[in-house]
Structure formats: structure tokens, C-alpha cells
Amino acid sequence: MTQSGMLLDVQDLKVWFPARTGFLSRNKTYVRAVDGVSFQVAPGEIFCLVGESGCGKTTIANTLVRLVKPTSGTVFFNNIDVLSLRKEEMRKLRQNIQMIFQDPYESLNPHMTIFDIVAEPLDVNRLVDRPDEKDTRVAQALEAVGLTPAQSFFDSYPHQLSGGQRQRVAIAAALALKPALIVADEPVSMLDISVRAGILKLMLALRSEFKLTYLFITHDLALARHLVDRIAVMYLGRMVEMGDTKSVIETPLHPYTRSLISVVPVPNPKVKKQKILLAGEIPSPIQIPSGCRFHTRCPIARDICAKEQPELQEVRPGHYVACPYADLQNA
Amino acid sequence: MRRNLSLLNFLPSTILQVKDLKTNYYTRQGVVKAVRGISFHVHSGEVLGLAGESACGKTTAALSIMRLLPPSARIAAGQILFNDKDMATMSERELRAVRWRDISIIFQGSMNALNPVKNIGEQIAEAIRLHEEVAQAEALDRTRNLLQMVGINLSKLRSYPHELSGGMRQRVMIAMSLACNPRLVIADEPVTALDVMVQAQILRLINNLQKELNLSMILITHDLSVMADVCNRLAIMYAGEIVEYGSVEAIFEEPIHPYTQLLIKAFPSIEGAASELYSIPGSPPSLINPPSGCGFYPRCPYAHDECSNVNPPLLEVGSGHFVTCRTAGGQG
């Protein structure tokens, strides 16, 4: 075990799901959802996993809280080996890692009041003994997320709240346990644009107030640009590029990242970007291309790319890319 | 006079004109005034964008034009003029002659819009044969052409919707919308549920087809950055009304309505330096009891007392640039 000073340290994580092929099929095939991913998150950082659907970003999130069992690899949280914990120890650890899900219309139980939703994690972990203490903790959590006066929301049900308010409740429930790490999986993509920034600003404010660390998962690069500290771009279960947000967005190196950034529409009709459109679609994670898994769609692919799987290399301080030919085209 | 007349020939002709359209939903809670008197027109060969957040009435406007409203909704007032005929008062029989042949629609969720138990070739051919009297063989021929046009390999002709990816299904929807050579296509959030790369592919396809076939289009989306890419003109909707209307350049460069200004600001851009994120505090008003004044009044940073009881109509402030707000004009 290493004392890395990192809050989260993921090494060579693989999550393979067995795929049903045929009734009598002997060859076992796997959906290689996550296929060798390593990254570290420093305390207080907002680390972002970006990629298209099926790239494995949500599977990584689910593995961190052991909602999914990984095939191999290690996950250290505060230098604790998460994957070897027993059930009771894991429950303790989960107080420190909380999740916020995408859809606040589905993640809140419609039969429970807002009070019960926020109080449930306190009850489950037996953190409060006296009812008045529970009231205080719930009120504090609701006030922290801007639902004030908190008491006026106690007896409301989720359907009485707007989408933005519901997501605030979900954040309050996550905060109630005073976690160190919050895993936010597309927390604003279901919300209207005019309330999105409100939720994101709240997340930023809570970071400074409670010294939170975020693992932020999104497909929205434009949003990540303005919010997160570091970005890791994923393609078909592997990271292709990782670095400081400014470095990755302004000088992307991997051909996939370059293409992905070029096609993000810009809310300004004057900006006419040169779009690098990739042909076709992401291959199936059951039949992953040999070598570099991006070679089938890569604009600069060479013969060797079909044979050798490139690893992340540090090409600038803190900026890693998994393509040996990447720097040739960014001159 | 003569000079004026010859000038008129160069002006784009209007293919669709919507005048003071009002559409209500009749629910148990009361009458929801989803569209509250909107007027706009579509020039032939242009893409008009209807932009706004959820529940602003943009989809209801589209369904009203197609006369495809659910049973609980009714057009309460207004005209929808297409080819000098008012679609708002047409009989179901007359509508059948217009729908799909003159105006077609690309629906929001392609998975739900396609029939899961019919292969895509059959579905497109069926759409053709329902609206035109052609033999099955000819319909299938046309289907093949359509699939090629939208970039689907003919080996997929007998595929079922569940065998195709989201992007492919959206291509099928586009092929189907073009099946009867319509003059106007309404696209309701055509790329919303798709990944960025697929979204870019589909937008390019729509753009190319629109130019090649000189289609007129109404593009409905909440995503202003997509609008900036594709549209010629833009109508911004809020609480069932159009609050600002004009060329894409005018709307993005000189937005006048406070809502338009704030909405544009709220969109994060991948270009330029990282900046602060903006939100609009508050939420849209209930459309069961809409405010008597300006719908945006409760959230507006420039609101005056009179905004709460006066709801001004659209006023032309520049060439073809209309806005409802009278007070915030210069405060952009």
C-alpha cells in the first residue's frame, strides 16, 4: 500500500461483464466496459471523466462504491483498499463516498417526504440518536443547498418541487453524511439550462465550504471546461487523454479528443469551426478492435496502430496521451 | 412602384404563416395555456429555430401546426396558413392530403416513434403508400433511395429498430420524414438524446439535405448552440409566447429581451477562456394562471412595476428583429 497523499487512487481497473452469446456457446465473451484504467484524484479536486455513452465512465463510478464488482485492479480511498473491505467496513466507507445521480425525477423516492429522504442516510448509518438532532442535521443540509427556510420543505414530496430543487434535495441527502468524495454522474444533464449553472455553482460553493472532492462524470465538454480542474477523456473503456482542463481543451493531443472538441457546437453563429467528423460509430465493447481501439476511426491511423495498444504517456507536465503519433499533428 | 414590385420577386416567399396561435390543454387541475398567441412565418428554403426551455410551448406549437395534438389539447384561436389554406380549421380528410406530403415531422424520441415490430424498409414504404397511390415495388425502390440519401447501408433494409443504434434510428426517422418529398419539415429535438459525435453527424446530414432539397424547416430545440450552427432565423419562446424573433446573428449579437440575454449567457461555450457560469434564478410561471403582465417579469433583473400588468406585443426594433420587452432595450 502506498501513501500517495491522494484521496482516490485507481490502478489498472478492469470491469468485464459476461455476455450471453448463444444457448450452447462454449466461448465465453465479455463486455469489456472498463479495460485498464488508472487515475488519481487529489483532495479538493474536481476530476472529470468525459466520454460518449458506453465508454465506461459510469461503470467506473459504480465500481468505486462497489455497486459493481471489478474484474481486476485496485481502488484506494484515503489509502484504504476499497475492494478488499468486508460488508460492514464498506458501509462505513460509503459514508465518505456519496453519489449524485443524473435524474432527480427518478432518484428520489416519490412516497417519501423531503425530510425523510435527507434523514434516511442518517438513520441507516445510525448517526443520530435524538429526534431534535436529526431535525438539525436535515435542516443544515437543506440550508446548505439553498432550500430555505428548510422547515418549509420538510413535509413536501418530490413531485411538488421543480427539477432543480429536486437535484438540490439529492445533493442535500448526499451531504447529510459529511462525505469526503462526491461522485456526480451527469448531475445537470436532465435540467433546464437556466437552472444548471445554479446547481453547478452550488457544487463549487460546497467544495470550499466542506472541503469536498468531486469525481464528475459528463458527456458535456463545454460544461466541463468551465467547472472542473482535470479531465480524462475515455474511449471504449480506456483513457486516451488526461490533463489539466485548460491544456486538454485548448491543446488536445489525441485524435479522438481533437475530434470530440471540434464537433461541440458553439453558441455563437460567427464562430465557424473546422469540424473533424468521425465516420461510423463506436465499435461494440464485445468486439474491441485490436491494438489501439480507436484505430478503426482514427484520421491518422497507421498500420502499426492495429497491432500495438498504446499506453498513456506524459508528453507535457501533467498532460498524458495514449497515442505515440499525437504530437506530430499538433504542431 | 414598379421597382418595388420587381424587388418583391427577390424577397423570399413565405411557405408557412402562423398568426396568433393559442393552444390549451384541458386538465383536471385547470386549463393549461401552453401556447399563448404566437405569430411567425417560415420563408421557403430557410431554417427557422424555435428555442426555449422545457414547457415553453415549443413542442405544442409544432404539434398544433401538424394538427397532431393529444385529445386533451385544442387549438383555441389563431390561424396556420399553408398554401393560403388555414390548417387550424381543416377537416381530418383535408389534413391527410397535407400531412407528410407537404409537411412532415421528425419526432423527438426515434425509438418511440418507430414501430418496433416492423422492419425499417416496410415502415418507410408504408408511409409512402399511405399518402400516395404507388405499387409496393415502387415504394420499396423509393425507400432504398431514401436510405441511401441518409447514409444507411441497404443491408439494413430489413433491420428492426432495436437492431439499430440511436443515430441510425434517427437517420431512419429523417428518411421517413422525406418519404413524400415534403416542402416543410418540422424537426423536434432531432439530436437531443444523441452523443456529441453522432449529433454532429446527424446535424450535418440535416444541413446537407436541407440545402440539396431546398427544404424549409422548423428546428425545435432547447440547445442554443445547435441553433447557432444550423438556423437562419430564431424565435425565442418563454412561457408560451415568443419573446424575441429575428436573424440568428441579431439574436446572438444584439439580444434585447432580458430572457434571451440571460439564456445565451447561461450556455457554456467550449471556445474562449473558462468563465463564470450563469443561471436565471426562479422558475417559469404556471400556465394555468399565467401572469397578466410579462411572463418573465418575476425573474427579470430589469423589471419595472408596469411589467407586472402590461404584456406588450412583439415590436420591430431592427430589420426583421422583433422583441416584446420595452424596458430593457438598451441594457444588453
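Predicted model: local features only at pLDDT ≥ 70, side-chain atom pairs only at ≥ 80, totals over all residues.
Let's start with chain A as a whole. Chain A carries 10 helices and 12 strands. Its C-alpha trace spans about 70 × 55 × 45 Å along the principal axes. For 331 residues, a compact globule would come out with a radius of gyration near 20 Å, and chain A has 21 Å, so that agrees. If you look at burial, 46% of the 331 residues count as buried. And if you take the contacts in chain A between residues at least 6 apart in sequence, 65% of them join residues at least 24 apart.

Now, the interface. On this one, 33 residues of chain A are in contact with 35 residues of chain B. On the chain A side, helix H7 (193-210), helix H8 (221-227) and helix H10 (255-262) each put in at least two residues. Which of the elements gives the largest share? That's H7(A), with eight residues. By class, that side of chain A has 19 nonpolar residues, plus seven polar and seven charged.

Over to chain B, and its sheet. Here you've got eight strands in an open sheet, ordered S6-S7-S8-S3-S9-S10-S12-S11, with mixed pairing. At the edges stand strand S6 (103-106) and strand S11 (315-318) of chain B; each has a single partner strand, so one side of each is left without a neighbour in the sheet. From one strand to the next, the twist averages 20 degrees.

S6(B) and strand S7 (residues 184-188) of chain B run parallel, joined by four bridges. If you want a pair to click on, B:Ser104 has B:Val185 in S7(B) as its bridge partner.

Then there are helices packing on that sheet. Helix H2 (residues 58-66) of chain B touches strand S3 (47-51), S6, S7, strand S8 (216-221) and strand S9 (233-238) of chain B, and its direction makes about 150 degrees with that of S7(B). Helix H7 (residues 166-177) of chain B also packs on the sheet, touching S6 and S7 of chain B, and its direction makes about 175 degrees with that of S6(B).

Staying with chain B, have a look at helix H5 (residues 120-131). Those 12 residues reach 17 Å from first C-alpha to last, close to the 16 Å expected at 1.5 Å a residue. Its buried residues include B:Ile120, B:Ile124 and B:Ile128. What do the buried residues of H5(B) pack against? Helix H6 (136-149) and H7 of chain B.

As background, most residues other than glycine have a negative phi, and most peptide bonds are trans. The bond joining A:Thr148 and A:Pro149 is cis, with omega about -10 degrees. You'll find A:Pro149 in the loop between helix H4 (131-144) and helix H5 (151-154) of chain A.

Then two positive phi values. A:Arg126 sits near 45 degrees, in the loop between helix H3 (114-124) and H4 of chain A. A:Leu236 is at about 50 degrees, in the loop between strand S9 (230-235) and strand S10 (238-244) of chain A. Buried or exposed? A:Arg126 is exposed, with 7 other C-beta atoms within 10 Å, whereas A:Leu236 is buried, with 23 other C-beta atoms within 10 Å.

Technical notes: Residues numbered from 1 in each chain as written. Chains lettered and ligands numbered in written order. Contact = placed C-beta atoms within 7 Å. Nonpolar A, V, L, I, M, F, W, Y, C, P; charged D, E, K, R; others polar. Rg over C-alpha atoms; globule rule 2.2 N^0.38 Å. Buried ≥ 20, exposed ≤ 12 C-beta atoms within 10 Å, placed from the backbone. Pairing = 2+ DSSP bridges. Axes fitted to C-alpha atoms, helices over the stretch in contact; angles between N-to-C directions. Expected span 1.5 Å × (residues − 1).
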